[in-house]
Amino acid sequence: SNTAYDVYIRTNCGDGTYSDWSAVFEFKTMANPPAITPYFCDFENAEENSAWTFVNENQTNKWYIGKPSGYADSVLFVSGDLGASAAYNYSAASHVCVYRDIAFGTGEDFSLRFKWQSRGENAYDYLRVFIGDPTSVYDNNNIPANAVQISSDLCMHASWQYFDVPLGASYSNTVKRLYFVWQNDNSYGLPPAAVLDSIQILVSECARPTNVTVTGILSDGFDVTFEPASPTDMGWEYVVCESDSNPDTQIATAIADTFFSVTGLIPFTDYNIYVRTNCGMGRYSAWSIAVPVTTNCLPVATLPYIETFDSCNTVENTVPDCWLKINTYYLSRPSFSHDEYYSGPYSLLFYAGPPNTFNMAITPEFSTAIHINTLKATFMYRADTLADDLVVGVISNPLDASTFIPVDTIRPSES
């Protein structure tokens, strides 16, 4: 068990001669019996914990199961200090994996769900999830062989987030290997690395709704449409909860139409919307994939409005609360920067490149009770070259750059 093998095949040509050996086929025998669906792991059961396989090799940052500093419950996590904390050594490039084999039973729909935290570094230090055949071979220089990635690059969240992805009915009566892969480069990063808990594989007797779409976002609500799994669906339920909440713990609202409106929400708050199918007889499908939505901010109604950028959080690639950005070059900009500032420790950094490219920072909306022709904006501005232009104007739709109307162009007198 738990042993890697190489397989080669050659042809017997007769007369005691043989062809060259085929290309190698690699596989690894199972280390432990696969878990059975429906599956749940909160890392509090020592026997189940021992069934996970770690591929840490000689990496500085490794996977562990336990209670790192600051965590009351056991979790699956990456640590750069031998499991004492969920912090990692960002100057030591690492690529490590942990996996569990899963035996899927019979089902109309399967889904994977878990809680995660990972701050890391955008585009460089992150968690990824894969699923593939249990014969897949993994080493710490490659992604799992014969496996597919079923997540985005999970990072930039220090608080708990819920991940939920449909696996479909094609996994029925198969055995698959579920991989969690952490990688980081050697430049920069923030803790925690990767922390996971409450891993579930759910089985449903009917399919979930799809294409859940949010429109008409206001400060206290929004509209939702979705596609039913089947024309014979008996009805549906939805929940709206803040992004760090479990939909299973919320009170669901029954609906009979594929369009509905949500009201009574809090301005500038991150929510997830979930919809599920009523299968009948008190049974329900899995929840649809979480659709994140942030309610709008209330318009600025009191002057003066001041933003120094100095009290902003330090999450990179972000702008102040209630601000938006549109760009055609260097997609993380404009965003907070501590490289240059008038008042410390932060400023807003723009980074446009070739001609006809831009970064656009958009302030919160101002109340219509404040007449626009009475407004005056002042700010400090520094540019790298005399050719840099800063265009100030107004925009009617903060999601559409074509609605921007220039008011003035500022060109620095010195760089």
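Gly-14 is partly exposed, because its relative accessibility is 24%, which falls between the 20% limit for buried and the 50% limit for exposed. This is a predicted model. Gly-14 sits in strand S2, which covers residues 12-14. Its C-alpha atom lies 44 Å from that of Val-55. Along the chain, Gly-14 and Val-55 are 41 residues apart.

Next comes Asp-15. It belongs to the loop between S2 and strand S3 (17-18). Its relative accessibility is 83%, so Asp-15 counts as exposed. The backbone here deserves a look. Asp-15 has a positive phi of about 55 degrees, although it is not a glycine.

Met-281 also has a positive phi, near 60 degrees, and is a residue other than glycine. Look for Met-281 in the loop between strand S22 (270-280) and strand S23 (283-284). Met-281 is exposed, because its relative accessibility is 81%.

Now turn to the prolines. The peptide bond from Pro-191 to Pro-192 is cis, with omega near 0 degrees. Pro-192 is part of the loop between strand S15 (175-184) and strand S16 (195-204). Leu-303 and Pro-304 are also joined by a cis peptide bond, and there omega is about 5 degrees. Pro-304 is placed in the loop between strand S24 (291-294) and strand S25 (324-327).

Pro-228 lies in another loop, between strand S18 (222-227) and strand S19 (236-242). Its relative accessible area is 34%, so Pro-228 is partly exposed. Which residues does Pro-228 contact, leaving aside its neighbours within four places in sequence? They are Asp-233, Trp-236 and Thr-258.

Charged side chains come next. Side chains of opposite charge can pair when their charged atoms come close. How many salt bridges does the model contain? The count comes to twelve.

One of them pairs Asp-164 with Arg-208, with the closest N and O atoms 3.7 Å apart. Asp-164 lies in strand S14 (residues 157-166) and Arg-208 in the loop between S16 and strand S17 (210-215), so this pair ties together parts that are 44 residues apart in sequence. Are these two partners buried or exposed? Asp-164 is buried, because its relative accessibility is 10%. Arg-208 is buried too, with a relative accessible area of 5%.

A second bridge joins Arg-283 and Glu-205, whose closest N and O atoms are 2.2 Å apart. Arg-283 is in strand S23 and Glu-205 is in the loop between S16 and S17, so the pair ties together parts 78 residues apart in sequence. Arg-283 is partly exposed at 31% relative accessibility. Glu-205 is exposed at 56%.

Arg-276 is buried, because its relative accessibility is 17%, under the 20% cut-off. Glu-237 is buried as well, with a relative accessible area of 12%.

Some bridges share partners. In this way Asp-109, Arg-113, Asp-164, Arg-208 and Asp-248 are joined into one network.

Methods:
Residues are numbered from 1 along each chain as its sequence is written. This is a predicted model: local features need pLDDT of at least 70, side-chain atom pairs count only at pLDDT 80 or more; totals for chains, interfaces and linings use all residues. Side-chain values use heavy atoms; hydrogens and water are left out. Helices (H or I, at least four residues) and strands (E, at least two) are DSSP runs, numbered from the N terminus. Buried means under 20% relative accessible area, exposed over 50%, partly exposed in between (1.4 Å probe, protein chains only). Contact means heavy atoms within 4.5 Å. A salt bridge is a side-chain nitrogen of Lys or Arg within 4 Å of a carboxyl oxygen of Asp or Glu.
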